[in-house]
Amino acid sequence: MSIDHVLAVVPVTDFEAAHAWYERFFGRPADNLPMEGQLVEWRVTDSGWVQVTLDSERAGSALLNFAVDNLDQHIGDISGRGLAPGTVETVNKGVQLSAICDPDGNKITFIGNFRIKY
């Protein structure tokens, strides 16, 4: 089986508020608006996408993990856009984590020192 793209889905209760929050989070407008008022998409890697969708029943249940090349820079960028990521925690094997939640409680974690194989 060949997979061309991976799409992470983030369910939210207030689509317009979430759309604005994620624009601030990513620091840019969405790449696609496939379903006006219900679904918006950001391309985050060559084949990886984040979809924000109106789904009140599932809102607050998403967990997104982004492995980044420079954790401090990403935290600074997010903070500079008025958002407040959590403090950096060093966990197993030198990996560092910093998390932030969107208005619905969906948790986004930045991972520093990520490796493909540990």
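Me: Is Thr53 buried or exposed?
Reply: This is a predicted model. Thr53 sits in strand β4. Its relative accessibility is 18%, and the cut-off for buried is under 20%. Thr53 therefore counts as buried.

Me: Leaving aside neighbours within four places in sequence, which residues is Thr53 in contact with?
Reply: Contact here means heavy atoms within 4.5 Å. With neighbours within four places in sequence set aside, the contacts of Thr53 are Val9, Val10, Pro11, Val12, Gln38 and Leu39.

Me: Which element supplies the largest share of the largest nonpolar core?
Reply: The largest nonpolar core has 24 residues, and Val10, Tyr22, Phe25, Val52, Phe66 and Ile108 have the most contacts inside it. At least two residues each come from β1, α1, β3, β4, β5, α2 and β8. The largest share, six residues, is from α1.

Me: How many aromatic pairs are there, and what is the geometry of Phe25 with Phe110?
Reply: The count comes to 12 aromatic pairs. In one of them, the rings of Phe25 and Phe110 are 5.8 Å apart, centre to centre, with 15 degrees between the planes. Planes under 30 degrees apart count as stacked. The Phe25 and Phe110 pair is stacked.

Me: How many residues apart are Phe25 and Phe110, and which elements hold them?
Reply: Phe25 is buried at 2% relative accessible area, and Phe110 is buried at 5%. Phe25 belongs to helix α1 and Phe110 to strand β8. The pair links distant parts of the chain, 85 residues apart.

Me: Is the pair of Phe26 and Phe66 stacked or edge-to-face?
Reply: Phe26 and Phe66 are both buried. Phe26 is in helix α1 and Phe66 in strand β5, so their pair ties together parts 40 residues apart in sequence. The ring centres are 6.3 Å apart and the planes stand at 65 degrees, so the pair of Phe26 and Phe66 is edge-to-face.

Technical notes: Residues are numbered from 1 along each chain as its sequence is written. This is a predicted model: local features need pLDDT of at least 70, side-chain atom pairs count only at pLDDT 80 or more; totals for chains, interfaces and linings use all residues. Side-chain values use heavy atoms; hydrogens and water are left out. A nonpolar core is a set of buried Ala, Val, Leu, Ile, Met, Phe, Trp, Tyr and Cys residues joined through side-chain atoms within 4.5 Å. Buried means under 20% relative accessible area, exposed over 50%, partly exposed in between (1.4 Å probe, protein chains only). Helices (H or I, at least four residues) and strands (E, at least two) are DSSP runs, numbered from the N terminus. Rings of Phe, Tyr and Trp (its six-membered ring) pair if their centres lie within 6.5 Å; planes under 30 degrees apart count as stacked, over 60 as edge-to-face and the rest as tilted.
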